[in-house]
Amino acid sequence: MPAKVSGVIKSSIAEELGIAEGDSLLKIDGTTPQDMIDYNFLCKGEVITIEIQKENGDIEEIELEKDYDEDLGIIFESAVFDKVKPCLNKCIFCFVDQQPEGLRNTLYIKDDDYRLSYLQGTYITTTNLTEKDKERIAKLHLGPFYISVHTTNPELRVKMLKNPNAAKIMENLKWFNDNDIPFHAQIVLCPGYNDGKELERTLKDLSKFKNNLLSVAIVPVGVTKYRKETLKTVDKETAIETINISSKYKNVYCSDEFFLKAGYNIPASEYYNNFSQLDDGVGSLRTLMDDFDSYKLPVSLTKPLSIAFACSVAAKSAFEYISEKLNKITNLEVIVKPVISTYWGEGVTVAGLITSEDLISAVKNIKTDLIIVPSIMLRPYTELFLDGNSLDYVKEKTKHKFFVTKNNYSVCEVIDLINNYAD
């Protein structure tokens, strides 16, 4: 399949060449790239020839000169141009299987593709990793990878993933380690399955790979109201137990939600080392608070300004910490409005799953000049929410003005906004 173009970066080589959304990249120097790994490799050079198929079917061959490492500025629909390797598991905790009907088709795709793990940091189970895949990984020395381990007990992993290949996890991890391929590990904690003694076993087994195991993230299972089978969620007792067990091992980190459920303060930045699993909710609240504390705040504003942080329930404590300090600025009023998920159920508390209707319900009756929302609520490169409605739709329904922050781990954009009103 050709590499479909979904957009181009402004002032890039691609824009200068007239490449546009709907076009397709067919070849680079006569070779058809299968994914962004091929694309990045083939683009290395000062003189390359690319073959572009325009949306109308016309084919153009273009020879161009550029700096050796200069990117063409093409945004593709997918990082994988051929068929994505599908997930062959039926995990007991799979979030995709806990969704209602009627969402956009891409939300029902379950991938388990090592290329996306390398390129985008998505997690793979290794159950469909072939010898050919391993040969390519070793030859190009790709990495790091993100691996969903969950448990190293072969029988239990087969039970949790419902795939006989799941039993080979230690064999596959040993292959990564022996080939000096670095990886991060993830454990989705499901009470009654892989917690307690089973978690102890898993962490002990993983500690054998200290040379190439970069980090282990432990996250609580997410359960929506659409789930058909009963699955326990993490409670306070389980959260405390998990934190205590993980503290015995190096480079093992519990996600923020464990500390919130345990009733503990979010750990200091030293706990997270290099914050290597932020996208898994490990240290994101600490990052946000520390970032805020790095700024010098104005004493007062030249005119009154009121803002509201529309955030996830999980991020409530961090934004309350921030708003308490911002409210000391004269003429500034800040409120925090956590968005409760009625769509998924109150057990889902992350910003990336907030729908437009839940956001509308949360903010429609508040009085404020501006509502701050993180870009993670929207589909990348769009202003569309998970349920398909747009930001303009939300504006129309609420009659509010919105400000979308691009950086989900920093308040720099909000501070800049406030400083525009400062004396």
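Predicted model: local features only at pLDDT ≥ 70, side-chain atom pairs only at ≥ 80, totals over all residues.
Numbering runs from 1 along each chain as its sequence is written, and side-chain values use heavy atoms, with hydrogens and water left out.

**Around Asn89**
- Asn89 sits in the loop between β5 (74-76) and α3 (114-120); helices (H or I, at least four residues) and strands (E, at least two) are DSSP runs, numbered from the N terminus.
- Asn89 is buried, at 2% relative accessibility; buried means under 20% relative accessible area, exposed over 50% and partly exposed in between (1.4 Å probe, protein chains only).
- The Asn89 side chain also has a polar contact with the side chain of Asn163, at 2.9 Å.
- Setting aside neighbours within four places in sequence, Asn89 touches Lys110, Asp112, Thr125, Thr127, Leu161 and Asn163, with contact meaning heavy atoms within 4.5 Å.

**Around Ile329**
- You'll find Ile329 in the loop between α11 (316-326) and β12 (330-339), and it's buried too, with a relative accessible area of 4%.
- Apart from neighbours within four places in sequence, Ile329 is in contact with Leu297, Pro298, Val299, Ser300, Leu301 and Ile418.
- Asp279 is 50 residues from Ile329 in sequence and 32 Å away in space, C-alpha to C-alpha.

**Helix α12**
- Helix α12 (residues 356-363) is mostly covered, with 6 of its 8 residues buried.
- Those buried residues are Ser356, Asp358, Leu359, Ile360, Ala362 and Val363.
- They pack against β11 (300-312), β12, β13 (370-374), α13 (391-398) and β14 (402-405).

**The whole chain**
- The protein chain has 14 helices and 14 strands.
- Its radius of gyration is 23 Å, close to the 22 Å that the globule rule gives for 423 residues, so the chain is as compact as a globular protein of that length; the radius is taken over C-alpha atoms, and the rule is 2.2 Å times the number of residues to the power 0.38.
- Of the 423 residues, 51% count as buried.
- Among contacts with a separation of 6 or more, 69% come from residues 24 or more positions apart.

Definitions and conventions: Polar contact = N/O pair within 3.5 Å; in protein donor to acceptor, adjacent residues only side chain to side chain.
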